[in-house]
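Q: Could you show me how to read a pocket and its ligand? I'd like the general idea, then the case at hand.

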Amino acid sequence: MYTLGIDIGSTTSKCIILKDGTEIAGKSIVVAGTGTDGPHLALEEVLKDAGLTRDDIACTIATGYGRKLFEEAEGEVSELSCHARGIHFVFPDVHTVIDIGGQDAKVLSLNEKGRMMNFVMNDKCAAGTGRFLDVMANILKLDISQLEVEAAKSENPASISSTCTVFAESEVISQLAAGTNLPDLVAGICQSVATRVASLVRRAGVREKVCMSGGVARNAGVRNAMAKELGVEIAYNDMAQLMGALGASLYAYDKIKSGENTAQ
Ligand code: ADP
């Protein structure tokens, strides 16, 4: 039996198809979020990846910022619940989740069973979110995936003192003009995101094991800076951006299973 989870974010649409609630049969990531054709493209891509058609899918659950606008799903579940569920599936011993997406950052505290006990969130300011990195990558004419490559070459990370994205943008342009080398500048940019989000993590409480999820977790420069800031190891898996979609697919599996139980 196949179930599908779709996570419609502010910038990116992500899908996971699970076989029998345990095995990943297909995945897709399309860089176009809510209000675009991203969700439908992601749906097409994941079916192609799994070699399936819509008729093969027993249930679809939507999550993420744009979940309410997606009519093809049988239900919707909040992104916090889906994230917690997906993370617990991949990392059963994680207690603190640092999720940095395209327009917000959240820190979730999970109990032993993977249930969310508490969360803190920044959705007011672009600094400390993927948006900050997207703006900086654009100024530096780098692809977002190149930031970690440049940061890894840095020997002396630049200090970005502005806490506001708009001011930091001018600061980066001035530092470039003043001759700061690219790797040091990029490392400083990654550090700036980590510093901002680390204060959110401290507010939530740092209970190990700690992991990072969301698109920004794909950037090793931010992960390493975060590990140093918090003085803990950061667990990471290449499914990081797909945790919400994974959780949604697990909820879709539950929905079918509970329906079967009722029918019995
Ligand atoms: P949302 O759900 O809000 O759309 P995501 O969790 O999908 O957010 O994360 C999107 C962010 O992830 C982008 O704003 C971008 O900064 C970052 N990102 C996406 N792909 C990569 C990559 N390959 N390397 C580093 N960062 C990435």
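This is a predicted model: local features need pLDDT of at least 70, side-chain atom pairs count only at pLDDT 80 or more; totals for chains, interfaces and linings use all residues.

Q: Which elements each supply at least two residues of the lining of the largest pocket?

A: Residues are numbered from 1 along each chain as its sequence is written, and side-chain values use heavy atoms, leaving out hydrogens and water. Rolling a probe the size of a water molecule over the atoms shows where empty space is left. On a 1 Å grid over the protein atoms alone, a pocket is an open set of points where a 1.4 Å probe fits, with protein on both sides within 12 Å along at least five of seven lines; lining residues have an atom within 4 Å of a point. Here, β1 (2-8), α2 (79-90), α3 (130-139) and α4 (147-152) each supply at least two; helices (H or I, at least four residues) and strands (E, at least two) are DSSP runs, numbered from the N terminus.

Q: Where does the ligand sit?

A: A molecule sits in a pocket if more than half of its atoms lie within 2 Å of its grid points. The ligand sits in the largest pocket, which is lined by 34 residues.

Q: Which side-chain atoms lie 2.8 Å from an oxygen atom of the ligand?

A: Look for polar contacts, pairs of N or O atoms within 3.5 Å. A polar side-chain atom of Ser10 is at that distance, while one of Lys14 lies 2.7 Å from a ligand oxygen.

Key:
A polar contact is a pair of N or O atoms within 3.5 Å; within protein, one must be able to donate a hydrogen and the other to accept it, and residues adjacent in sequence count only if both atoms are side-chain atoms.
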